[in-house]
Amino acid sequence: MTQTTGNQRTGARSTGVRTEGIGTTGPAVCFTAAVKTFGRAGRTVRAVDGIDLTIERGETVALLGRNGAGKSTTIGLLLGLDTPDSGTVRLLGRTPDRAVRAGLVGAMLQEGRPIPRVTVRELITFVASTYPRPLPVDEALALAGMTAFADRRIDKLSGGQTQRVRFAVALAGAPELIVLDEPTAALDVEARRAFWDSMRSFARRGNTVLFSTHHLEEADENADRIVVVGRGRILADGTGDTIRRAAGGSLVSIDLADRPADGLELLPGVVGVDVRGGRALLRTDDPDATVVELARIGAVRGIRVDGGTLEDAFLALTSPEAAGTDTKESVR
Amino acid sequence: MTAYILLEIRRTLRDTTFLVFGTGMPVLMYLLFTNLGGGGDHDEWKAYSMVGMAAYGALASAMAIGTGIASDKSLGWLQQLRITPLAPGRAVTGRAISGSVTVLPTILAVLLAGALGNGVRMAAWQWIALVLLLWAGALPFTLLGIGNGYRLTPQATGVVNVACLMGLAIVGGLWFPITEFPQWLRSIGEFTPAYGFAELGRSVVAEHAPAAGAPAVLAGWLLLFGGYAVFSYRRSARTA
């Protein structure tokens with residue numbers, strides 16, 4: 001993958017309408033050992049701690065992680081709002097700054113709140129005008145489901161409508177890559193569903209979409225691929241199924257009944273043990289073998305087997321224990 | 001950039017309170033100073049104080065734009081703007097030009113008050129030249145004001161911009177004639193932006209060309225504050 005060289009124009013020319021005249025090369029997104037540290041003199045936090053990530057064009061990828069996992073910083077680096085302390089970030093074969101300037105990127109930021117005294121149509125018209133080949137304004141409004149509210153002032157809209165305006169802002173320029181930072185935070189169920197419908201119809205046009213979320217179902221339902229981040233690193237990367245397997249597929253739990261939990265981690269299939277309120281929770285990638293062995297040693301009181309949900313996998317991957325003692329904070 | 005200018009002008013024109021008070025205050029001050037103080041009935045004083053107050057009003061409304069920018073930043077609008085293809089230099093230039101729409105009515109209102117209320121009489125070319133010079137001359141201050149707005153919180157921007165305005169007005173001789181200053185301060189004062197700005201206005205009233213240095217000094221400050229504003233704009237999008 002030759003993501004860093006910028007002189008492969010001949011290849012791009014034949015791929016048709018979207019890249020014609022733009023001359024983009026390389027994957028949509030490419031992070032190489034990117035590190036970003038915040039704070040100064042003494043107390044620093046490594047918000048992004050060595051991320052390697054390649055996203056091909058046309059993929060829809062979810063960046064999944066808890067609050068503070070480093071999602072927003074990763075997106076900040078991606079958009080060129082921040083520069084990495086070390087490592088590189090490339091979008092479509094160029095630096096984030098150049099990709100943004102060339103109109104290849106559209107984004108919906110987490111912090112964005114509506115600016116006062118502007119109508120929806122005025123805002124979208126302006127944003128579209130800054131891009132070289134924007135969507136027609138009416139089309140952008142329709143994709144975001146905002147046609148009915150086009151002439152309303154954006155500071156007079158509801159939370160869900162505001163979120164859609166920000167989505168319309170992100171797609172107004174018809175960018176190759178669209179980046180959505182926690183796009184459905186603070187939306188109710190119905191607004192959330194409507195939003196993802198809009199997002200999928202945008203992705204179907206062949207665009208690359210990267211969104212961050214801490215909702216597992218959203219990632220599972222709306223992305224081709226899930227990248228789990230925690231403590232500034234990539235913890236898992238793949239489809240929902242891959243990630244379920246990676247974290248140990250199922251959960252077997254028993255009442256300990258005063259029996260020590262020592263040695264349970266050695267049972268067949270078990271990849272992790274958690275003790276909570278007198279119950280041992282065994283994460284296992286072979287629940288049958290685990291249950292048979294538990295029966296053999298007579299530890300079956302209150303036994304339960306739960307099919308591995310993605311949520312279990314997520315919790316397993318991002319729990320603090322999974323990181324050992326590494327807390328990513330150094331005090332000098 | 002035109003689209004950006006239009007967008008920001010629309011937003012400004014819809015902020016009636018900002019417009020009414022921004023324009024009204026200097027007019028009120030001018031009428032009070034010239035009619036209550038008993039400072040004199042001379043036409044000369046009325047013309048000079050008119051120019052002085054129009055200049056001060058122009059500076060005040062130029063720098064007041066910064067506060068709006070700081071609140072735009074707190075809404076995340078500057079970050080959103082930063083990830084459109086609009087280049088930082090154009091974004092700042094566009095904002096400065098759109099900010100000028102609030103400067104113009106301030107100048108016009110004070111001059112109108114001078115002409116109608118206080119009976120100031122000047123040749124037609126003087127009125128036109130005065131409006132244009134004060135309007136264009138306010139640009140460096142607009143850039144300083146928005147540069148501060150890009151860096152600071154809305155509250156801090158308000159305070160810092162008022163402090164800058166006062167400081168520049170005093171050192172530049174807008175309040176007390178620079179000729180009364182000690183020599184060292186006077187030499188500094190002559191190179192400050194407010195001095196060059198006021199000199200433009202005074203030269204029109206006195207019907208002579210402005211001192212050769214004044215436009216050059218003002219152009220220098222325009223570049224300096226412009227650079228400061230672009231630098232601040234680029235920084236403003238950082239996430240931490």
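Chain A contains eleven helices and 14 strands. Helices here are DSSP runs of H or I with at least four residues, strands are runs of E with at least two, and both are numbered from the N terminus. The structure is a predicted model, in which local features need pLDDT of at least 70 and side-chain atom pairs count only at pLDDT 80 or more, while totals for chains, interfaces and linings use all residues. Residues are numbered from 1 along each chain as its sequence is written, chains are lettered from A and ligands numbered from 1 in the order in which they are written, and side-chain values use heavy atoms, with hydrogens and water left out.

**Chain totals**

Chain B has eleven helices and zero strands; its elements run α-α-α-α-α-α-α-α-α-α-α from the N terminus on. The table lists values for both chains. In it, buried means under 20% relative accessible area (1.4 Å probe, protein chains only). Accessible areas come from the Shrake-Rupley method with a 1.4 Å probe, and for residues only the protein chains shown count as cover.

| Property | Chain A | Chain B |
|---|---|---|
| Buried residues | chain A: 52% of 332 residues | chain B: 51% of 240 residues |
| Accessible surface | chain A: about 15,000 Å² | chain B: about 10,500 Å² |
| Carbon and sulfur part of that surface | chain A: 50% | chain B: 70% |

**Dimensions and charge of chain B**

The radius of gyration of chain B is 18 Å, which agrees with the value near 18 Å for a compact globule of 240 residues. This radius is taken over C-alpha atoms, and the globule rule is 2.2 Å times the number of residues to the power 0.38. The C-alpha trace of chain B spans about 55 × 40 × 30 Å along its principal axes.

Chain B carries 15 positive and 10 negative charges, whose mean positions are 19 Å apart. Lys and Arg count as positive and Asp and Glu as negative, without His and the chain ends; each charge is placed at NZ of Lys, CZ of Arg, CG of Asp or CD of Glu.

**Selected residues**

A:Asp49 belongs to strand β2 (residues 43–55) of chain A and counts as buried because its relative accessibility is 8%. The side chain of A:Asp49 makes a polar contact of 2.7 Å with that of A:Arg46. Such a contact is a pair of N or O atoms within 3.5 Å; within protein, one must be able to donate a hydrogen and the other to accept it, and residues adjacent in sequence count only if both atoms are side-chain atoms.

B:Thr2 lies in helix α1 (residues 2–13) of chain B. B:Thr2 has a relative accessible area of 58% and is therefore exposed, a term for values over 50%. The C-alpha atom of B:Thr2 is separated by 24 Å from that of B:Ser74, 72 residues apart along the chain.
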